[in-house]
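Let's walk through this structure together, one feature at a time. Keep the model open beside you as you read.

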Amino acid sequence: MNVNSMRPGWLALSLLLAGCAVGPDYQPPEAQVPAAWRDLPSQAASRPQAGAPRSDWWKNFNDPQLNGLIDRAIAGNLSLQQAVLRIAGAREQLAQARGGLFPSVNGSASAQRQQLGAEGVLKANGAYDLLDRNAPELRGSLDSLTQPISLYQGSFDASWELDLWGKVRRQVEAAAAQQQESIESRNDALVSLEAEVARVWLQLRGAQSIMRTLQTQIEVAQQTLELTQSQQRNGLAPQLDVENARAQLSSLRAQLPQYQAQARQAMNGLAVLIGKPPGALDAELMQDRPLPALPDVVPVGIPSTLARRRPDIRQAEANLHAATANIGVAVAQLFPSLSLTGQLGVRNTDASYLDNWSSHFYSYGPSLSIPIFQGGRLVSSVRLTRAQQASSALSYRQTVLTALQDVENALVSYRTDQERVTQMDETVSALQNSFDLASNSYRKGLSTFLDVLDAQRQLAQAKQQAEQARIQSCLDLVALYKALGGGWENYQQVALPRYSVFGPAASAGRSL
């Protein structure tokens, strides 16, 4: 049979095999979601609607300070920088996987002093005795052959495993999916960071707002105490009224420290979130500012777009993709592997002859490895990857359900807490009238001081509860924005800490 006539057939077969990849091809899953959100109120002061949500949602609060804090947190948060470094690691893993598609070439050079032990072998086989009897004049030549020698060698070695069954391509596919998973993990960390900065900032403004309310009530309580003291000096009120008024004033003052502590803790938290030590932001955050107003309309999109906005859903999908590709890697290990190897070099006992073509040597040829018996390890590997892929599919479905629950719960909380704000405002208005009437009646001697004290206590509690409801409504809006998953789209270029193969550096370097 003519070998040359077989070469085109083998080449065609090799190209055909190189084009196939065993294992299932990845198909993006379809998220099972409802057509619309269940809780979209039409009468609330701030109404969620099915419009496209904006990516920089925090700007709806219309506060430049909050905008600046989030920008600084994105640039300086240490946890976010760790997530960015994980992307860099995944990128290098992808580069390593792609390297398997190409031949590997290594160079080597050596200089050795060798004693082969030939003299002992010759003596053991009687070569010297035979030489002494028949040709003693050759004894010197034989001795020279048994002396230590210097061997100089330089060579290039090349090997290439043909990706007949697509194992390397599946590894590249899995590595690319894992890189995408790292990117989505960074995006999820980014969304959480933005929401956390907004949440802590609102807690700071909320604590300051309640302190303002308390301070107003303290001033009213101080006026009430002065009134009762005046009444007591004129014999129109007993000392008991004075003590009750003093107790009411002390009770209100005793509530201030807890909100002062909350404000201080919030400032410390914001400093750490932007990568600064606690207390670094006290000077700029100490100034008292009111709570921001809620936007009139809050676009929340539709459920079918949630899977594209939520980084955790995109991350679960990337994990599913990687798990699917790993099945192909495991299946490919069941088949034979074909490698092409070659070596070219020069070798001589005299280094000055290494550049002489007569000193060259070479070898080349194919190498076939066939898995015959592995104790069930390869089959078990396939079963394991299929189980992991099924688990990843269930994890994706669970992530989608959790995301839907997060949005629906946030919508319910946002609506009900706004209703609570409305009811509390009405309560405060009624209690304010009650307190004014009780105070006027007490001045005219038509009611007891207990009526004034009780009305004042209820009014102070209602005002604090109303402020708490406003704070909670703002926090509900942040939770809703976080549940919707936006806020990462405009921040794909995040500074990467400088690093090298010799170790990390402290300064910032290239970005991802």
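Helix 7 passes helix 12 in a left-handed crossing, a label used when the near helix is turned anticlockwise from the far one by less than a right angle, with clockwise giving right-handed. This is a predicted model, in which local features need pLDDT of at least 70 and side-chain atom pairs count only at pLDDT 80 or more, while totals for chains, interfaces and linings use all residues. Residues are numbered from 1 along each chain as its sequence is written, and side-chain values use heavy atoms, with hydrogens and water left out.

To find the two helices, look at residues 167-233 for helix 7 and residues 311-332 for helix 12. Both are DSSP runs numbered from the N terminus (helices are H or I with at least four residues, strands are E with at least two). Their axes come within 8 Å and cross at roughly 165°; axes are lines fitted to C-alpha atoms, for helices over the stretch in contact, and angles run from 0 to 180 degrees between N-to-C directions. Helix 7 is therefore roughly antiparallel to helix 12, the term for angles over 145 degrees. The residues of this contact divide into nine nonpolar, 10 polar and eight charged. Here Ala, Val, Leu, Ile, Met, Phe, Trp, Tyr, Cys and Pro count as nonpolar, Asp, Glu, Lys and Arg as charged, and the others, Gly among them, as polar.

An open sheet of four strands runs in the order 2-3-5-6, with antiparallel pairing; two strands pair if DSSP finds at least two bridges between them. Strand 2 (104-114) and strand 6 (360-369) stand at the edges with a single partner strand each, so one side of each has no neighbour in the sheet. From one strand to the next, the twist averages 20°.

Which residues face each other across these pairings? Strand 2 and strand 3 (residues 149-162) pair over 11 bridges in the antiparallel sense. Ser 108 has Ser 155 of strand 3 as its bridge partner, and Gln 114 stands opposite Ile 149 in strand 3. Strand 3 also pairs with strand 5 (residues 337-348) in the antiparallel sense, over 11 bridges, and there Ala 158 stands opposite Gly 342. In general, strands of a sheet pair through backbone hydrogen bonds, either parallel or antiparallel.

Technical notes. Angles under 35 degrees count as roughly parallel, over 145 as roughly antiparallel, 65 to 115 as roughly perpendicular and the rest as oblique.
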